[in-house]
Structure formats: C-alpha cells, structure tokens
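Then follow a helix face and a loop residue.

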Amino acid sequence: MLRFRATASREAFRLAGHLALAVPSVPVMRLVQRAVDRDPRPQHLAEVILSGLLVTAPGPPGSYAFRPGVRDLLLRTLPRTARGRTRELLDRIGGSIDERAGLATGDFRARAGDDPDRTDGAAPVFATVSEETVRRLGGTPVQPPPPPQPTAAPTGPAAPAHGLSPERAAAAPPVPESPGPGAGTEPVLLFETGADLSARPESRITLEYVVHEVLARGALSPQQYEVRVRPNGYAVRMRPRAYLLPVLAAALRGLPGPLAELPGQPLLRVTFQDGPGSPAPPPPPPPAPDSASVVLTVPPALYASFAGSSAAAGPHRFRPLFGDDPDAPPLAWYCPLPPSEGAGTGRPEDPADARDLVRGPFLTRDLRQLGIPAPGRTAIVHTGPDRPLTLLDPVSPYDGGPPRPATCYEVDLTPRHAVHRMSLPSSGKGTFTAAVELTWRVADPVAFVRAEAAGVRERLLAHLGEAAPRVTVHHSVRRAAGAQRAVNAQLGRWPVPGLAVSCTVTLAPEYAPPPEVPRPTGPAARPLPELIAAADTVLFGFDGPLVRLFTATTARRAALDLLAIVAEHRRPEDALAGRPAGDPGPTGRELFVHPLDVLRAFARDRLGPVLRDRLDRLELDAVPDAPRTHHSIVVVRTLHESGRRVGVVTDVCAAAVDRCLESYRLPLTAGVHGRDDDLGRLTPDPRRLLRALRPLGTPAAGAVLIGSTPAELAAARAAGLRFVGLARNPTVEQALLDAGSDAVIPSLTPLLEATRTLL
C-alpha cells in the first residue's frame, strides 16, 4: 500500500479509493472511473490493476478482489464526505448505464434488487438504475413497497448491463443482443493469445495494462472505444471512422512491452479488422522460436496509410498475406514484434530482412529509385496494398500512374550448389552409398517470394531423402547403374516453387568404394591456363573483348536516343492525359547508361522492334570509329592455331560485327551469333550460347566465354560455361568477381600468354 501511494499518479490513487466502494471487476471499475473522473484515462485504471492491491478472484476473466486489509486502508484515504455518499456514487454509475441502456450490446449479467444497502451475503451493489432501464435491458423490475425506488444491484432477475465484467452471481437466460448503431462498420482490434488466460492471472493483468497503454497512446479517448474481455484476450470495438493510424503506431512501438518480461508468455496475435462482420484474414505463419512474441496483422487500407506516413521510417517491416489467387493483391499484412536489431536497414546479414536467396521486405517511396537490377544476378519483386506480387519493370514501374510506396524484395538469381552423401535401401538386405550434387537457382522470382521459402538446401535434401528410397528399393544392390539411372529420372517435382533444380545422384554398392562426391569449385579454383587448356571452344563477346564499340559518352548518347523514340511513340490516351507512358522520366533516364539496357527493358514491349532497328543503325554508324581491343586479333588467331574453335556471341547486331571484322579475315570457325529478331534472347538468356555450341557438338563444360558484362556472365552460368571476365577498371572487376567469374583479367595480355603455352 505504501509503495502504491508513493509511485501511483494522483488520479490512480484517487480512483483506487473509490473502487473500494464497488465491485473490483474490470467493467465495473470502468463504470466507477467514468463516474468519478471527468476525463477517464485507461492508464490510471491500469496502474490500479498492476499495483499489487488486487488478486484474481474465481469467476470469468477480469474478476478481482482486494487483498486482505487493503479495502479498509483505501476507504480511509477518501474524505469523510465521499465515504458517506455511497448512494450518490451508485446513482452516478447508474446514470451512465441509464444513458446507454438498450443502445449497446451487453457483456456481463447483473441482478436487479430493491435494496442497495442490503448485506445478506449477496454480491455488493455497484449501481442504482431506473425501472425503465431494467425493462430496456430485458429484466423484470422488482416492485418494492413504497417509498423506495427501483434500483439495480447484482441480486435479482438477470439483465445484461453495459460493460465488460461478467457478474459472478447466477444469471437468467440471456436476451438476444440488438445491433448498435453503425453495426458492421465499427473497427475492431483483437488481442488474442493461444491460451486461456483464466489460469494465467499475471498474464491477464499485464495484457490488460498493455491494451490500455496502446489505446491511450493511440490518441483515442475512452468514449471512442469499448473493451470486451475474452477468455484468451480482449476485443476493442471502436466507433465508426476512428483514426487508426496512431493506434497502429502505438502498437508497433509499445508491443510487446511488459509482456516480454513474463516467463512462458504465449504468442500474442494483434489483429486490426475493418468491422465485426468483416472476414478474418488468413493466419500469418508462426515466427521462428525466440524471434518474436507478438504478430500484428492489419488490413490493406490501414497498411496503405502506414506506408505513406512517417511511421514507416522505423524498423518495422510488414509482410503480405496472400490468398489462393496468385494474381490477387494481399488480403492482409503482418509484422512480427519486436523487430530484430537492425531490421529494415536492408543489410543482407539482418535475420529479419534476409532468407535463402531473398533480401527484404523493405519499403521504398519510389520504385524508380531502385535502379536496374543486374541482369541474371538479381531481380526486384514488389507489391502493395492493391497490387499483387510483380516483377519490377524499371522502365515503367507504375504503368503510367503516380509514384506510391511499395514493399520490395531483392532476389538472388545466381546458382547455388550443395553436395551430400547418403545411404539408400535396395530390394534386398544391402544398401547403396549415394553421392549427391545439387544445383539450384531462382527461375521464377515472383513464385519464389510468394512461397516465403526458407532453408532451401534442407528442403531439397529432405525431398531427395524421401523420393530416392522409393526408387532404389526396387533395385538389387548389384544393379547400381540401373538404380542410378532410375533415381535421376524419377525424382519428381521439387518442393520449392520458383526454383530450377538439377540433381545428379551417383550410386555404388555398400561393399564397393564409395562414389566420389563432386565439390563445386570457386571462382579462383583453376588458373587461366588450365581454363583455356580444358576448353575445346572459346567464345568471345564483341563489345569489350574484341572492340570498343561505344565509349561511356557515346553509349549514354545512344541510350538517350532510344528513350527519345519511346517518348515519341507514346499512346494517344497517354498523350491526352499528359502522361509520358513508357518514358521513365528524368529519374529513370539516369538509370540507362547503355543502349542495350534500354533494349532489354523494352524487349517485351510493342516498341521493342522499333528500338532494335534504331540500335542497328547506331551500331553500324559506330563501327568506323570503334577501336580494336589490344591483342584481340592475335589472341583469336593464336587460339585457332592451338586447336580451339573460336566464335563470337553478342547482343550487337551481326551486321555490325561482320563489318567490323571482315577486313581481318579471322578464323571464326564457331561462327558469329549476333542479335536476332527475338529480343527475348538477349543476355542473360543462355539460348544464344547454346545455339552456338550445338552445331559443334561441344558440351557446355568444354567451352569458355570471354566477356565483360554481368549479363554475359549470367548467361554463361545458366548455360554451364566457364567465364573469363575482362575488366578495364576496379569497379567492373569487383562486380564480376562478386558474380562468380572463374577468372578476371585487366587486359587480353594474360589470355594471350596462356594461349601461347598451348602451342
């Protein structure tokens, strides 16, 4: 008691004294608070509940009793005039009930009696109401002998009273609730745990305090909401058109709060709903153990308000919840709380922002600021409250509409490898020893992000561990070769959507030497001379390895030339509306530093053929002034003399390549494969590389590509070729090394020296 007096606010201490005159159950305490305070605040009531003056009592949730001796001490804190005016307090509480009787649904039951001063062992009186109120509440008013007036006390025929505390006395059959004004449009905020809080009094009291704190910090007055007790938590029903963004911000900043200090606290789910009749959103996936104690879910409209506000600058990152329709926008958004340290900063090492091959989600105000993803290395997937998951189009991310916030994911498209050894059953008593090599990459970024796949390697190996035994169990241990062919042919569909997976299983009987497990090699695993010596075919990119077709300045000028065509060919409806559809604007133009960037961005657009024809002319015009790369001619001839087939595979038009090289009469036995009419085959698409190797009968593992861009590297990786990068500056060198180039050289001199060793 002394500690409470020293630490409590003045309003909470005054309220505790008046509560000593009433029933200490949560809804009755709220009625008392409304009666004695002009501006009732939830935090004052929470101070009393968490003060230690109360203990839980038998009955429905929210039932309390004063500790022995506490009620008498609290009564002494009241002025004598207040202690002597108990009937006046009962009248004031009853007045609050009179005002709302029949206009709002009830939550607890009370008995109507004729004597508010009775002391026959029944539950104490907490309010006096009029006879009309009793009728409106569905009860039968007691006809007392004159002169006493009808009063409502918890000792008579049952009638639902407005509030949240169920009465502990016996109740008559319930009366159907009548819908209040604005039914179906009142926002609802649910605080739900996975356990019955009746057996967790400390959790019940702490959660109630947290609920009151969120509502108070959310700038809601007590007249704007109504809190109802549930066995597993609380339901807060708000008035129509209540401003929920401050409440959401308060929940993000204040949760889990004191709940985090409770041992064994069950997961708390906090859900904003548009109304009591609105469909419940799909449940979010459970958070990882020890990662979050609260999961907060909001509808799309509220998330849109949050994303456009300053509250989105904090560390909290919402994730979308989708239904069964892959083309539909999210049904809701959820956020685990508390966020991990550093979450939302975009650093790949942050556990909250990273999972296998995906970094995010992160929130951006303008998709045009993200730049162009590195072809074949990364992809950007974005979504919003009214938009499904979509692959970023850097040219027109908003399809002609105004910029708006978006939730984005960055997807790593580079291949991943794993090796594993396992034991597989046979048809008899023996077993097979299996060496497994797995390679996977993201082929469909949208499907992969939507699946929220984590632990990809473990899931792929688990699928292999389930599928392979079903095949090998039908084969004799002496027939390892047949079992091996069957396993590699019958592994079936892999369990992770959006992934392209290749798997090679090598089997050996248990009594034979175990098969050798292949080990994936790193970028610097083989020196340059060995790479060239192991290759039957060497393919060159054109712009960079052989000539310098565009300098930085001329490449930028050519890119702007193509963008001018985009602006010129905008649709009539866009022109009438003043929208430069397809034109990325000043910000987007800065993203395109090379004409091939523009052509890749419009490869699937109706303007693709127009831009291709214009780029053909620009490349042909650039040929006379294009300097040859130092040593390029002699390297090609030396490779031919060493017995290697040499060819050119490029995104430049074949006519420009032929015009540039025709005077040198180079022995290009593998041919020249330039840009064709199908713009979908621009790098990083690997099909042009595979088409160059097909007539030669060279497997991909027996070829090397000499290139200078990440797009060429990505195409080589997808086709299975080795790659040697030509980097003219440290920036390009680091980009190629990060992308997994087998070797990076600053000029063609090391390549020439390595080739001469083969003569």
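How many aromatic pairs does a search of the whole structure find? The search finds 5. Rings of Phe, Tyr and Trp (its six-membered ring) pair if their centres lie within 6.5 Å; planes under 30 degrees apart count as stacked, over 60 as edge-to-face and the rest as tilted.

This is a predicted model, in which local features need pLDDT of at least 70 and side-chain atom pairs count only at pLDDT 80 or more, while totals for chains, interfaces and linings use all residues. Residues are numbered from 1 along each chain as its sequence is written, and side-chain values use heavy atoms, with hydrogens and water left out.

Begin with Phe4 and Phe13. Their pair is tilted, with 5.8 Å centre to centre and 35 degrees between the planes. Phe4 and Phe13 are both buried (under 20% relative accessible area; exposed is over 50%, partly exposed in between; 1.4 Å probe, protein chains only). Phe13 also has a charge over its ring: the charged end of Arg5 sits 4.3 Å from the ring centre. This label requires NZ of Lys or CZ of Arg within 6 Å of the ring centre and within 35 degrees of the ring normal. Elsewhere, Arg204 lies over the face of Tyr234, 5.0 Å from the ring centre.

Now take Tyr303 and Trp333. Their ring centres are 4.0 Å apart and their planes are at 15 degrees, so the pair is stacked. Tyr303 belongs to helix α11 (residues 300-307) and Trp333 to strand β12 (residues 332-337), so the pair ties together parts 30 residues apart in sequence. Helices (H or I, at least four residues) and strands (E, at least two) are DSSP runs, numbered from the N terminus. Tyr303 is buried at 3% relative accessible area. Trp333 is buried at 0%. Together with Phe306 and Phe318, they form one aromatic cluster.

Ser309 sits in the loop between α11 and β11 (319-321). Its relative accessibility is 12%, so Ser309 counts as buried. A polar atom of its side chain lies 2.8 Å from the backbone oxygen of Phe306. Beyond its neighbours within four places in sequence, Ser309 is in contact (heavy atoms within 4.5 Å) with Leu245 and Arg365.

Terms used. A polar contact is a pair of N or O atoms within 3.5 Å; within protein, one must be able to donate a hydrogen and the other to accept it, and residues adjacent in sequence count only if both atoms are side-chain atoms.
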